[in-house]
Amino acid sequence: MAARLCSFCVMDSSNPSIEFDANGQCNCCRDAIARRPHEWWPDREGETRMAQMAQMLKTQGRGKPYDVMLGLSGGIDSAYLAHLAVKILGLRVLAVHVDGGWNSEPAVRNIETMVRQLDIDLHTYVVEWEEMRDLQLAFLKASVLNQDIPQDHAFFSTLYRTAAEFGLRHFLSGVNFASENIVPPLWGHPSMDGKHARAIHQRFGAIPLKTFPFMGLVEFLWITRVRKQLTVHRPLNYVNYDKELARQELTSDYGWRDYGGKHCESRFTKFYQEIYLPRKFGFDKRRLHLSSLIVSRQITREQALEELLAPIASSAQMRRDCRFVAKKLGICESELEALIDLPPKEHLEYPNQMKLHRGLSALKTYLRRATLASNAKK
């Protein structure tokens, strides 16, 4: 049966959480459009918010070695964020990089280039490879959708602990509304569910994980919601952020190198998005990225549909990527193929803390809507 396509963006019913209204518009882009004026300010208001944020960070950073911390992956969003923070805002930055063993060569070079030319300090945490490898194999054997949980969990837990180590209370995130506003509801699984990651490893893992930076959801919520140990800021939401223009500026000013598609600075994420997801779950993640650009008015729906006509990657490139991932994981290609072709499993089939996560998400949504309603009455 052919997938039903949204009348506004390019999300379709290949994602099970998609719903359509009477006009054929999906719930994902409807929600993003409703959030747009409250999450993205590509105008004078954004300039004011940016200036206020920068001044606050400088004031609170007096007498300390750094004003703020940011994550540096070698990707375009984090690289442009570093440029913005240092060159435009004049902030003293500590860059943090978590090496999970999957960095592409251009990403490594981009990190080195940005750190050197911006003259900023870099703190790198290297995840013990045998433990990362074993956890990722466990997730493949679990046959669940979100295969990026091991990398993402290590990244975020390390960031929060590094902030505590250096006494930093503010973090700049490259997450941005312009290119990442489409969020399918109740799909995938949160990366900070440490109970879930531990449970999958306990079921399918082969070696003890003695050093992997696990963080339970309760600890994560205690740090971020109760103690408010680290405040996350998203400066790219204060500018008219256009990823293509940012790419051109970084290439011209820093010799920044392209690494392929969105989030493909990680060789594993490239495999996950271009091979694992489409083949196992029938979902082309380009739809999220392109639909986000439609909502932010950076491309038209027609341009997005034309881009989707092209294959995600060539057959030859997919074979090379599978060969690389299999070799890196220490298995043969046929074993990796067999893992991809296992019947899909729901994350909820394994121990998790989704009830807590969903309850807090529902509370956050309620509070956001109540605040918007209150502001509208004023």
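Reader: Which residue in β2 is the bridge partner of Leu70?

Author: This is a predicted model, in which local features need pLDDT of at least 70, side-chain atom pairs count only at pLDDT 80 or more, and totals for chains, interfaces and linings use all residues. Residues are numbered from 1 along each chain as its sequence is written, and side-chain values use heavy atoms, with hydrogens and water left out. Strand β1 (residues 68-71) pairs with β2 in the parallel sense over four bridges; strands pair if DSSP finds at least two bridges between them, and strands (E, at least two residues) and helices (H or I, at least four) are DSSP runs numbered from the N terminus. In β2, Leu70 has as its bridge partner Ala95.

Reader: Which helix makes a right-handed β-α-β unit with β2 and β3?

Author: β2 also pairs with strand β3 (residues 121-126), in the parallel sense and over six bridges; Val98 stands opposite Tyr125 in β3. A crossover is right-handed if, with the strands pointing away from the viewer, the path from the first strand over the helix to the second runs clockwise. The helix that makes such a unit with β2 and β3 is α4 (residues 105-118).

Reader: How many residues of strand β2 are buried?

Author: Buried means under 20% relative accessible area, exposed over 50%, and partly exposed in between (1.4 Å probe, protein chains only). Strand β2 (residues 93-99) is mostly covered, and of its seven residues the number buried is six.

Reader: Is Ser157 buried or exposed?

Author: Ser157 lies in helix α6 (residues 149-166), and its side chain reaches the backbone oxygen of His153 at 2.8 Å and that of Ala154 at 3.4 Å. Not counting residues up to four places away in sequence, Ser157 touches Met192, Pro213 and Met215, contact being heavy atoms within 4.5 Å. Because its relative accessible area is 0%, Ser157 is classed as buried.

Reader: How far apart in space are Asp253 and Ser104, C-alpha to C-alpha?

Author: Asp253 is placed in helix α10 (residues 243-254). Its relative accessible area is 42%, so Asp253 is partly exposed. Asp253 and Ser104 are 149 residues apart in sequence, and their C-alpha to C-alpha separation in space is 21 Å.

Key
A polar contact is a pair of N or O atoms within 3.5 Å; within protein, one must be able to donate a hydrogen and the other to accept it, and residues adjacent in sequence count only if both atoms are side-chain atoms.
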